[in-house]
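Hello,

Here is the structure I promised to pass on to you. Have a look at it first, and then read on for what turned up.

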2 protein chains.
Amino acid sequence: MSIQHVLLGVLEARPMSGYELTQLFSASTRWVWSAPQSQIYPALKTMEAAGLITGEQLQTGGRVRTVYSITEPGLAELRQWIGTAHPSPPSRDALDVQALYFDLVEPAVAKRVLTEFIAEQQAAAEHATAHSARLLAKDTELLRERLSHRPAAEHDRMARLKAHVFAGQAAVAEARIAWAREGLRLLDEA
Amino acid sequence: MSIQHVLLGVLEARPMSGYELTQLFSASTRWVWSAPQSQIYPALKTMEAAGLITGEQLQTGGRVRTVYSITEPGLAELRQWIGTAHPSPPSRDALDVQALYFDLVEPAVAKRVLTEFIAEQQAAAEHATAHSARLLAKDTELLRERLSHRPAAEHDRMARLKAHVFAGQAAVAEARIAWAREGLRLLDEA
């Protein structure tokens, strides 16, 4: 997995400048992928050198910007990556490690950690559910741009598949919330 | 979050050598945290220099090994970290990105990706469920070592809290499996 495939996927919607891409990633802190600006520009250079994208100098609002488009080899690489099963990365969940040692702190302290986690996951679940609904209604700019160059007969299925990704994120957040609530109950037990 | 807190948590069970720690982390590829050997030794040096652990040269089986124990400041640092709410790291799930673009590949190809993911998550769920049951039964070496220096009145609660962490991992895996199964169904829709 790399930032490159994420960028290829976004550029499949339409050509974008590095600036637009950084705006997109910074605006969506809880999108499927987050990437700092420091990763995006070098990745674009590498991908352009590899022929996966092509840059064009465009004058926009008095400034010259390089706007990148996905190439045929880039689309082929994206499709190849999408169709390959990648093992999930190793587990690195800080809260799981903390919870493993909750017996070392006062119950009230551990409960505060879980309570804050529940609030965080509730916000994440709500955000994911709302985004899923917007995709299902074909009501995001990026999705509309994608649909504009795809046959109308495919639109509903595309929207359902994309909405399903965020419904899944909400479901995972809900599972974590249920787990944390049971943890609050366990911490009260002698 | 850092490997240091994970190591402090493990060393709270009993003093261990760097070798034992690397064995522990490599044996449990699906433990709450995975760490390569290349991270463990430098972390131990840093922690020793910071006074969080203390090393003692011990002769074991004809070899001299440094065995590390957690210090009082180390335990205080561990407790401080356990009791602090840390924001979840940004989302970086490759499958979510892949699934977002499943409309770009043949349904059969996308279904193979989901089917392999389901198998992976089923194995993860089974592993987590089994480990949770072992902890609840106080049937792991590490837990027995921890319990040996804690009052008997606390043992059941400690086992329940630790078992709950892995029950939560199983619940998340089950949520992901349900999501992937719904994905298989959606891919078949026109």
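**Domains and interfaces**

Chain A splits into domain 1 (3-82) and domain 2 (94-188). Please keep in mind that this is a predicted model.

Let's begin inside chain A. The C-alpha centres of domain 1 and domain 2 of chain A are 26 Å apart. Where the two domains of chain A meet, ten residues of domain 1 are in contact with eleven residues of domain 2. About 890 Å² is buried between these domains of chain A, and carbon and sulfur atoms give 54% of that area. Two salt bridges link domain 1 and domain 2 of chain A. In a salt bridge between A:R146 and A:E12, the closest N and O atoms are 3.1 Å apart. On the side of domain 1 of chain A that touches domain 2, six residues are nonpolar, one is polar and three are charged.

Now for the contact between the chains. Chain A and chain B each bring 70 residues to it, and they bury about 6400 Å² between them, 60% of it on carbon and sulfur atoms. There are six salt bridges between chain A and chain B; B:D103 forms a salt bridge with A:K162, with 3.2 Å between the closest N and O atoms.

Which element of chain A gives the largest share of the side that touches chain B? That is helix 8 of chain A, with 19 residues. By class, this side of chain A has 38 nonpolar, 14 polar and 18 charged residues.

Enjoy exploring!

Best wishes

Technical notes. Residues are numbered from 1 along each chain as its sequence is written. Chains are lettered from A and ligands numbered from 1 in the order in which they are written. This is a predicted model: local features need pLDDT of at least 70, side-chain atom pairs count only at pLDDT 80 or more; totals for chains, interfaces and linings use all residues. Side-chain values use heavy atoms; hydrogens and water are left out. Contact means heavy atoms within 4.5 Å. Buried area is the accessible area (1.4 Å probe) that two parts lose on being put together, summed over both. A salt bridge is a side-chain nitrogen of Lys or Arg within 4 Å of a carboxyl oxygen of Asp or Glu. Helices (H or I, at least four residues) and strands (E, at least two) are DSSP runs, numbered from the N terminus. Ala, Val, Leu, Ile, Met, Phe, Trp, Tyr, Cys and Pro count as nonpolar, Asp, Glu, Lys and Arg as charged, and the others, Gly among them, as polar. Domain bounds come from an automatic or database domain assignment.
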